[in-house]
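Subject: Structure handover

Hello,

Here is the structure you asked about. Please open it first, then read the notes below.

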Amino acid sequence: MLDLKAIRERPEWVDARLKTRGGRHDLTAFFALEADQRAMRATTEGLQARRNEISKLIGQMKAKGGDASALLAEMGELGPRLKEHEVALRAKEEAVQEELARLPNLPAEDVPVGPDESGNVVVRSWPEGFSGNATELNHWDIGERLGILDFQVAAETLGARFTFFRGDGARLIRALTSFMLDLHTREHGYEEILPPFLANKESLFGTGQLPKFEEDLFCLRDDPFYLIPTAEVPLTNMVRGQIVDEAVLPLKFTAWTACFRREAGAAGRDTRGLIRQHQFDKVELVWITRPEESMAALESLTLHAEEVLKRLELPYRTVALCTGDLGFASAKTYDLEVWLPGQGRYREISSCSNTLDFQARRMKARLRRVESKAVEPVHTLNGSGIAVGRTLVALLENFVQPDGSVTIPDALRPYMGGQARIEMRGR
RNA sequence: GGAGAGAUGACCGAGCGGUUGAAGGUGCACGCCUGGAAAGCGUGUGUACUCUAACCAGUACCGAGGGUUCGAAUCCCUCUCUCUCCGCCA
């Protein structure tokens with residue numbers, strides 16, 4: 001949520017920043033609505049002040065046994081009028097909040113301006129000088145042939161966009177997860193969290209999935225919960241409604257969770273394979289920081305995610321998203337894209353964002369300064385560290401051997417009981 | 001699922017329906033005192049919003065939402081959560 005006071009101070013600038021995202025936002029109408037609301041507030045509060053004053057006088061009058069009938073008469077007239085004003089004001093306030101909650105975050109100053117993903121900028125790639133090779137072998141072919149991915153069973157039992165991992169496939173997912181969590185907890189200083197996979201409306205509003213993107217979420221029928229689309233939701237909401245001491249920041253959380261997405265708007269895209277599933281595993285990274293350190297934190301967080309790919313020897317590049325490609329809550333985002341030989345191109349495997357105080361305002365997450373005791377919103381960041389299913393895709397396509405087996409990178413072998421390759425198993 | 005108890009400020013904890021944003025304590029900040037510290041004494045110490053250049057002033061908030069009343073932290077209703085006991089259960 002944008003800071004109402006701040007955007008009121010320079011509406012033209014805000015309007016211009018929002019326009020770089022490409023969406024349409026009628027700020028003129030919004031500001032008119034908001035000014036209207038403030039006028040209503042002024043008159044309502046005036047009436048409330050009068051009511052309080054009269055009530056006080058009546059109390060004093062009665063205490064001395066005086067005659068309060070004139071005051072009671074005024075109240076009889078003022079009461080209903082005040083009620084009307086209060087009801088109208090509340091409706092107006094809700095309208096303002098509704099509109100405000102639908103405005104996306106403002107892109108940071110150093111975000112490249114562009115209309116869509118074509119405007120994104122590659123900031124670095126690894127290994128240096130790498131030029132991708134393309135192969136005929138898709139991960140789904142490799143995986144099915146090895147017997148570690150079963151799309152057939154998934155399709156028959158559930159339908160599209162689900163997978164049964166079998167044998168070494170299931171074990172690889174588990175190994176990758178452990179490897180990533182160990183890296184982040186032991187070397188990058190994160191606290192490991194195992195959060196609930198369900199979240200309520202308040203949490204989803206806090207991180208920005210609601211109210212705008214409800215159609216992307218799985219919702220329970222009989223209880224007021226949604227399946228989480230990312231661990232960003234529970235992890236960031238750990239500070240919802242809190243005033244944390246400045247001294248405890250930054251908080252750094254990492255978690256493995258399954259993630260659930262309806263992919264409502266993605267019909268027909270990536271229908272084969274693991275790339276776009278209704279359920280997938282992801283290790284997430286979340287920081288809660290002081291405002292002045294959040295941009296540096298984004299660089300650190302991104303490097304932590306990159307380290308996963310380096311250790312797994314997977315070629316990737318880091319891309320700065322342009323204004324038109326930024327997510328709703330994000331002010332600045334780096335995507336990590338891993339090279340997939342089977343597709344002959346880079347695909348997103350991590351997205352690291354600084355939302356500044358945008359989510360913090362929505363969830364009322366604040367810090368108290370040690371020196372001044374002042375209270376202000378924290379900054380929140382999140383990034384995949386990294387998407388486990390897509391990592392498996394990258395392993396299969398990058399490390400497949402001519403005989404159809406797949407070698408396991410050194411860093412992962414301890415997590416596979418020393419196993420060096422995935423081979424055909426008779427079933 | 002059944003029965004009971006509770007939800008007040010950073011924390012503990014009072015609060016006959018009226019001048020309570022909320023006693024008292026703890027903590028914290030500043031000052032006095034001291035060679036320095038402790039103790040002691042004094043002062044201050046919620047969040048959000050409106051108005052203002054600023055000061056001042058005003059409004060809302062005592063789990064959430066309704067209601068009664070001239071007036072509700074205090075009375076009534078609903079819900080949520082926490083705790084205890086019983087049942088069930090991984």
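Where is glutamate 263 placed? Glutamate 263 sits in the loop between S8 and strand S9 (279-289). Helices (H or I, at least four residues) and strands (E, at least two) are DSSP runs, numbered from the N terminus. Phi of glutamate 263 is near 55°, a positive value in a residue other than glycine.

This is a predicted model: local features need pLDDT of at least 70, side-chain atom pairs count only at pLDDT 80 or more, and totals for chains, interfaces and linings use all residues. Residues are numbered from 1 along each chain as its sequence is written, chains are lettered from A and ligands numbered from 1 in the order in which they are written, and side-chain values use heavy atoms, with hydrogens and water left out.

The RNA

RNA strand B is surrounded by 22 residues. Near means that a heavy atom of the residue lies within 4 Å of the strand. The closest are Gln48, Arg51, Ser55, Met75 and Arg90. H3 (27-63) is among the elements that supply at least two residues of this surface. Its 13 residues are the largest share. By class, the surface has five nonpolar, five polar and twelve charged residues. Here Ala, Val, Leu, Ile, Met, Phe, Trp, Tyr, Cys and Pro count as nonpolar, Asp, Glu, Lys and Arg as charged, and the others, Gly among them, as polar.

An N or O atom in the side chain of glutamine 48 is 2.7 Å from a sugar or linking oxygen of RNA strand B.

Elsewhere in the protein

Helix H5 (residues 139-146) packs on helix H12 (residues 388-399) at about 85°, with axes 9 Å apart. H5 and H12 are therefore roughly perpendicular (65 to 115 degrees). Axes are lines fitted to C-alpha atoms over the stretch in contact, and angles run from 0 to 180 degrees between N-to-C directions.

The whole structure has 32 salt bridges (a side-chain nitrogen of Lys or Arg within 4 Å of a carboxyl oxygen of Asp or Glu). One joins arginine 102 and glutamate 98, at 3.6 Å, N to O.

Two cis peptide bonds to check: leucine 210 to proline 211, with omega near 5°, and leucine 249 to proline 250, with omega near 0°.

Best wishes

Conventions:
A polar contact is a pair of N or O atoms within 3.5 Å; within protein, one must be able to donate a hydrogen and the other to accept it, and residues adjacent in sequence count only if both atoms are side-chain atoms. Angles under 35 degrees count as roughly parallel, over 145 as roughly antiparallel, 65 to 115 as roughly perpendicular and the rest as oblique.
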